[in-house]
Amino acid sequence: MTLTAITAIPASPIPLDDHSFRSFDADSGMYYRLSTPQVSPLWDVHNITLRFSNRYHYSDDTSLVNNRWLLHFADSINFHDIDFNFRIRLDAPGSRVLDAGWTSVKAGAANDPGFVYDPDRIVAHYTPNERFRFGFGKDRYNWGPLELGGLLLSDYNEGFTGLYQQYSLGPFVLRGLAAQLNSITNNTVNPGAITHRYISASRLEYGRPGYGFAVSQSMLYVGAGRSWDIRYLFPFYIFHYGQMTDTHGYGNDGQNSQGSIDAYCKIYKLPIEIYGELLVDDFQAHGDSLSQSAQNSLAWMAGLRLKDAGNWYGFIEGGRVNTYVYNHRILAKQYLYNNNFIGSPIGPDSELLWGKAGRKFCVYGDTLSAGINFWLRRSGERGINYRFPNIFGTSGDPVPYGTVEDELSLWASASYRRYSVDMEIRAGSTMYRNRNNESSGWEAYPFVGVFLSSGIFVGASK
């Protein structure tokens, strides 16, 4: 058995729990790689990863976590044309569970500080050749080049259990996803009726080392007793056309299509890449009063990142998610899965500017890095759960709708990676104005954080 240290420098997550440990990626950070000799066909197909992370935060701000640890266990099995990926996590928070919105649901209504167990990934793929790939199971999907996560599909959400397709032809790749979302029981108009909810999404992308672009679409369709719609199981189909020509009795009240375009491009002779994504919601743009929100249903994010800049790293990213994006006057058609956003985690009626810059150093063969980070977010009242009674607001209503909440974070970080341990120290302050939509000036909440991470990888030598 041989023992080798593997080092990878991950992007530093921001300190707010809602955006930390993106995708719970067990491949980031440092871990040991143990290569075992080939023993038997049953053992040789496994690649096992175990990662332990411990975080200590000290702050008067309850959105920060005290003494929390995460344990990730993953196994990938590759056997001829079939591969199986399994990943779980155990979360032991010191105060609150808010890495992503869906984890608070798993922790219970009272944000129980006990363990949260989540089967993060259970998916099998069949790849007969380089042009076709099919899968079934639960996985996370993030489409687009944004650091925060895609506007159409973001891996901050809980992940979908469904069907996955991929078709490749040269630099073009067509992806398809179809899954059933949580159902909703109607207790008013038709008591006891169960509204079934489904989502299908597809993406056609073209990628080159220096540039690339993609066009994506999604369809969320619902209805009492509704089942799978065959049309939306195929990524070749234009979903919006199906919405406009629906003859199944649901019409536009049973479907909601969205589309997005994204691109990236390396600037000539400069170590900079420019990227962005534009999302369009509410395609139909009817003229009736309930659909006047059409002009206010765009989301966009764009940014610059350092690429091929040697030991320097960083990015700056910003954009806006308008009032009615992800929203809908019909509850079942809101772009949610278990009450959490399928797309961007910042949700509707929000503006964001954030980024970081830093440098890596080599110290006695190990890695030391230091950087500065900032996060500025403005959010209004028109979230998915309205705090005001008029939920049928149109574009003629005041925007923003109520009190505007501002959130600003500034912090510095330094990390040192040696052997199997990755340690990072952060210090800074989070500041709020009109927090929880209660009118107030800026209030600061300083914090200091220590992050420890270690892991092990076991696989057969090939």
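Trainee: What makes the largest nonpolar core a core, and which of its residues have the most contacts inside it?

Mentor: The largest nonpolar core has 35 residues, and those with the most contacts inside it are Leu151, Leu153, Phe160, Tyr335 and Ile342. The name applies because such a core is a set of buried Ala, Val, Leu, Ile, Met, Phe, Trp, Tyr and Cys residues joined through side-chain atoms within 4.5 Å, where buried means under 20% relative accessible area, exposed over 50% and partly exposed in between (1.4 Å probe, protein chains only). The model is a predicted one, in which local features need pLDDT of at least 70 and side-chain atom pairs count only at pLDDT 80 or more, whereas totals for chains, interfaces and linings use all residues. Residues are numbered from 1 along each chain as its sequence is written, and side-chain values use heavy atoms, with hydrogens and water left out.

Trainee: What does Leu153 touch, leaving out residues up to four places away in sequence?

Mentor: With contact taken as heavy atoms within 4.5 Å, Leu153 touches Tyr141, Asn142, Trp143, Phe160, Leu177, Ala201, Tyr335 and Ile342.

Trainee: Why are Tyr141 and Tyr164 called an aromatic pair, and of which kind is the pair?

Mentor: Rings of Phe, Tyr and Trp (its six-membered ring) pair if their centres lie within 6.5 Å, and planes under 30 degrees apart count as stacked, over 60 as edge-to-face and the rest as tilted. By this rule the count comes to 19 aromatic pairs. For Tyr141 and Tyr164 the centres are 5.5 Å apart and the planes 25 degrees apart, and the pair is therefore stacked. Tyr141 lies in the loop between strand S7 (132-139) and strand S8 (160-169) while Tyr164 lies in S8, so the pair ties together parts that are 23 residues apart in sequence.

Trainee: How do you know whether Tyr141 is buried or exposed, and what about Tyr164?

Mentor: Tyr141 has 8% relative accessibility and so counts as buried, and Tyr164, with a relative accessible area of 8%, is buried as well.

Trainee: Which residues form one aromatic cluster?

Mentor: That cluster is made of Tyr198, Tyr221, Trp228, Tyr232, Tyr237 and Phe239.

Trainee: What makes Arg305 lie over the face of Tyr275?

Mentor: A charge sits over a ring if NZ of Lys or CZ of Arg is within 6 Å of the ring centre and within 35 degrees of the ring normal. Arg305 is at 3.9 Å from the ring centre of Tyr275 and is listed as lying over its face.

Trainee: How many disulfides does the structure hold?

Mentor: A disulfide is a pair of cysteine sulfur atoms within 2.5 Å, and the structure holds zero of them. As to two of the cysteines, Cys265 is partly exposed at 36%, while Cys362 counts as exposed at 65% relative accessibility.

Trainee: What is noted about the phi of His80, and where does this residue lie?

Mentor: His80 has a positive phi of about 55 degrees although it is not a glycine, and it is placed in the loop between strand S4 (68-79) and strand S5 (82-92). With 72% relative accessibility, His80 counts as exposed. Asp308 likewise has a positive phi, near 55 degrees, in a residue other than glycine; Asp308 lies in the loop between S15 and S16 and is exposed, with a relative accessible area of 65%.

Trainee: What is the average pLDDT of the protein chain, and over which residues does pLDDT stay under 50?

Mentor: On this scale, the predictor's confidence in each residue from 0 to 100, the protein chain averages 76, and 73% of the residues score at least 70. Residues 1-29 stay under 50, although the model has 106 contacts for them beyond four places in sequence. Residues 284-288 are also below 50, with six contacts in the model beyond near neighbours in sequence.

Note on methods: Helix = DSSP H or I, 4+ residues; strand = E, 2+ residues; numbered from the N terminus.
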